[in-house]
Amino acid sequence: MKIAMVSCLVCSLLFAVYLPAQTLERGELRGTVYDTSHAAVPGVKLTLTNPSTGFRREVTSGGSGDYVIPQIPPGTYTLLAEAQGFSPLQIKNIEI
């Protein structure tokens, strides 16, 4: 179950990274967190950080596992996903 969350979150990120930006100066990251049975996982804490700039934004996935992180300056980010009952997942080198 823990590994599947990892792969499903990664899949949702692959689609989210390529979404059009909200403005010419900032982007947006959105996706859905699923478990191994393809059920949405609500209440996942998602932390997006850029170590170069110190940018940090935290959101929690909604009831249908969806999340949106708006108004992200261009750069390279790391996303950390944490939920009770799952191993933490860290995805590096997300380009916004």
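**View 1. Ile 69 and the residues around it.** Leaving aside residues up to four places away in sequence, Ile 69 touches Gly 27, Glu 28, Leu 29, Leu 48, Arg 57, Val 59 and Leu 79 (a contact means heavy atoms within 4.5 Å). Welcome to a predicted model, in which local features need pLDDT of at least 70 and side-chain atom pairs count only at pLDDT 80 or more, while totals for chains, interfaces and linings use all residues. Residues are numbered from 1 along each chain as its sequence is written, and side-chain values use heavy atoms, with hydrogens and water left out.

**View 2. The whole chain.** Here is one helix together with six strands, where helices (H or I, at least four residues) and strands (E, at least two) are DSSP runs numbered from the N terminus. Along the sequence they follow the pattern α-β-β-β-β-β-β. Among contacts with a separation of 6 or more, 52% link residues 24 or more positions apart. The chain has 96 residues, and 39% of them count as buried (under 20% relative accessible area; exposed is over 50%, partly exposed in between, with a 1.4 Å probe and protein chains only). The chain exposes about 5500 Å², of which carbon and sulfur atoms supply 56%; the areas come from the Shrake-Rupley method with a 1.4 Å probe, and for residues only the protein chains shown count as cover.

**View 3. An open sheet of four strands.** Follow the order β3-β2-β5-β6 across this open sheet, where the pairing is antiparallel (two strands pair if DSSP finds at least two bridges between them). At its edges lie β3 (55–60) and β6 (89–95), each pairing on one side only. Neighbouring strands are turned by 20 degrees against each other on average, direction ignored; the axes are lines fitted to C-alpha atoms, for helices over the stretch in contact, and angles run from 0 to 180 degrees between N-to-C directions.

**View 4. Strand β5 and its partners.** Five bridges join β5 (residues 76–82) to β6, and the two run antiparallel. Ala 81 has Leu 89 as its bridge partner in β6, and Leu 80 stands opposite Gln 90. Six residues lie between β5 and β6 in their hairpin, and in the turn Gly 85 has a positive phi of about 90 degrees. β5 also pairs with β2, again antiparallel and over five bridges, with Thr 78 as the bridge partner of Thr 49.

**View 5. The largest nonpolar core.** Among its 19 residues, Leu 48, Tyr 67, Ile 69 and Leu 79 touch the most other members (such a core is a set of buried Ala, Val, Leu, Ile, Met, Phe, Trp, Tyr and Cys residues joined through side-chain atoms within 4.5 Å). At least two core residues come from each of β2 (45–50), β3, β4 (66–72), β5 and β6. Look for Leu 48 in strand β2; this residue is buried, with a relative accessible area of 0%. The C-alpha atoms of Leu 48 and Ile 91 are 9.5 Å apart, across 43 residues of chain.

**View 6. One aromatic pair.** The structure holds one such pair. Phe 55 is in β3 and Tyr 77 in β5, so the pair ties together parts that are 22 residues apart in sequence. Phe 55 counts as buried at 15% relative accessibility, as does Tyr 77 at 1%.

Terms used: Rings of Phe, Tyr and Trp (its six-membered ring) pair if their centres lie within 6.5 Å; planes under 30 degrees apart count as stacked, over 60 as edge-to-face and the rest as tilted.
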